[in-house]
Amino acid sequence: MEKNATVWPLVDAKRDVFTDLSDRVWDSPEIAYTEYRSAALHAEVLRQQGFRVTEEVSGIPTAVMGEAGSGGPVIAILGEYDALPGLSQQAGLDYKCPVAEGGNGHGCGHNLLGAGAMLAATAVKDWLEAEGIEGRVRYYGCPAEEGGAAKAFMVREGAFEDVDIAISWHPGPFNYIDPALSLANTRMDFEFFGRSSHAAAAPHLGRSALDAVELMNVGVNYLREHMPSGDRIHYAMMDGGGSAPNVVQGYAKVRYAVRSTDTPGMLALNKRVMKVAEGAAMMTETEVKVTVLSAVSNLLGNTPMEEAGYRNLEALGPTPFDEADFEYARKIQATLSDEDIDTDYRRVGVERGNGQPLHQDAIPLNVRGEPMIGSTDLGDVSWVVPMVQFWGATLAIGTPGHSWQWTAQGKSPAAHKGMVRAAKAMAATAVDCLIDKDLIAAAKADHQKRVSRVPYVCPIPNEVEPPLQPRPAD
């Protein structure tokens, strides 16, 4: 029997359980390293589905892993469930209306990401049991993708050492295989320590930490002209030293995100930014302290896994959106600009065509658009395990990432349909690996060829620990 005919019905059989899980996580959005409720929900469902559950993976209280099966290769399916600050939004609306003003919201769809990945893993578990085949499937519930680099810390602690293949996905506007383009990224705090004084009566006694931050920002802006065009540097003022203009500010802090097309380039750019900070400190006679908060590597592609994933994505046929799905997507698009919509099409290299607000088919593997690249801690997993990442259409084309519109669509019927379709693609690709050992061998050979050219180096310094947050009081 065709393997898709055996594994896809197993996804459909559990779809209600996992759409409910996705909605419950959406209802309690938690940001990086505070996902205690979300992790507990994932652990609860894993146990209900018969997985062997490990909590606090790699010493991270909000990381969870479920395993099923025995012997054979280990296939990991990775999920996430962290939200974003400031993106609270009521579901199903086409206008901005927060659930809680200034509250958190799932503005990147990780409620769907985690539930869909676990749905795929559960279908593979049920398939292994039905077929009596050796092999193991693991669901990794990974927190803090949004700036917290949890997977990079997990890689450093050996959480994926015995994994043969890794599979993941991300909700979005289109169905396609991720082209494995991302930026390596470091987040660093620069704290400047000066000397306070009366700004009018004794300015000569002061050493302004705020001046140092401003000089650093100017220096980095000049640096932008002399770095590779694909690199990025961003900053946010964390502490300007106070609100009194008649005080020379003795303390100030700025946070920088430094991105490059690969990890060696990022590490080199980090050093240049640090030199600018040192120069600002010298000019102002202040002291600077640099604290690395997190770092992630760029994604590493894997041709055999991408080809296998695309075959399954194409075999699924169109996502079964109905007119109600299209109508809500049109309402969301009415809140967007033409530039928002055109940008999404350019990103994946597809013509706007018939203008339907939802994408149903699979974008061919060889179609490439204009690179518009972010960062993800999946990058570090891809350097230690052959990996493929799917994108699944769950929302209106043009929806900006990290927006109230994305949050609003997170519980929609279209989002649920896209999640189930992605779960089927992931489950079928995992089954391919379990029944075709040549696919795993080819994926590992491709991976080894890539890492032999540029060996993996964890971008997080050994002394840096994840910024764990305390469990909230009940």
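This is a predicted model: local features need pLDDT of at least 70, side-chain atom pairs count only at pLDDT 80 or more; totals for chains, interfaces and linings use all residues.
Which helices do the buried residues of α1 pack against?

**View 1. Helix α1 and its packing partners.** In helix α1, which spans residues 3-13, the buried residues are K3, N4, T6, V7, W8 and V11. These buried residues pack against α2 (15-27), α4 (110-131), α8 (303-315) and α13.

View 2. Leaving aside residues up to four places away in sequence, F390 touches I167, S168, W169, H170, Y176, I177, G309, L313, A425, M426 and T429.

**View 3. The open sheet of four strands.** The sheet is built from 4 strands in the order β9-β11-β7-β12, with antiparallel pairing. On average, and with direction ignored, neighbouring strands are turned by 20° against each other.

**View 4. Strand β7 beside β12, with helix α7 on the sheet.** Strand β7 (residues 184-193) runs antiparallel to β12 and is joined to it by 9 bridges. Along this pair, F190 stands opposite V290 in β12. Helix α7 (residues 263-284) packs on the sheet, where it touches β7, β9, β11 and β12, and its direction makes about 15° with that of β7.

**View 5. Helix α6 across the strands.** Helix α6 (residues 209-223) lies across β7, β9 and β11 (251-260), and runs at about 20° to β11.

**View 6. The crossing of α6 and α7.** The axes of these two helices come within 8 Å and cross at roughly 140°. Because angles over 145 degrees would be needed to count as roughly antiparallel, α6 and α7 are classed as oblique to each other. The crossing in which α6 passes α7 is right-handed. On the α6 side the contact is made by D211, A212, L215, M216, G219, V220 and L223, while α7 contributes L269, R272, V273, V276, A277, A280, M283 and T284.

Conventions. Residues are numbered from 1 along each chain as its sequence is written. Side-chain values use heavy atoms; hydrogens and water are left out. Contact means heavy atoms within 4.5 Å. Buried means under 20% relative accessible area, exposed over 50%, partly exposed in between (1.4 Å probe, protein chains only). Two strands pair if DSSP finds at least two bridges between them. Axes are lines fitted to C-alpha atoms, for helices over the stretch in contact, and angles run from 0 to 180 degrees between N-to-C directions. Angles under 35 degrees count as roughly parallel, over 145 as roughly antiparallel, 65 to 115 as roughly perpendicular and the rest as oblique. A crossing is left-handed if the near helix is turned anticlockwise from the far one by less than a right angle, and right-handed if clockwise.
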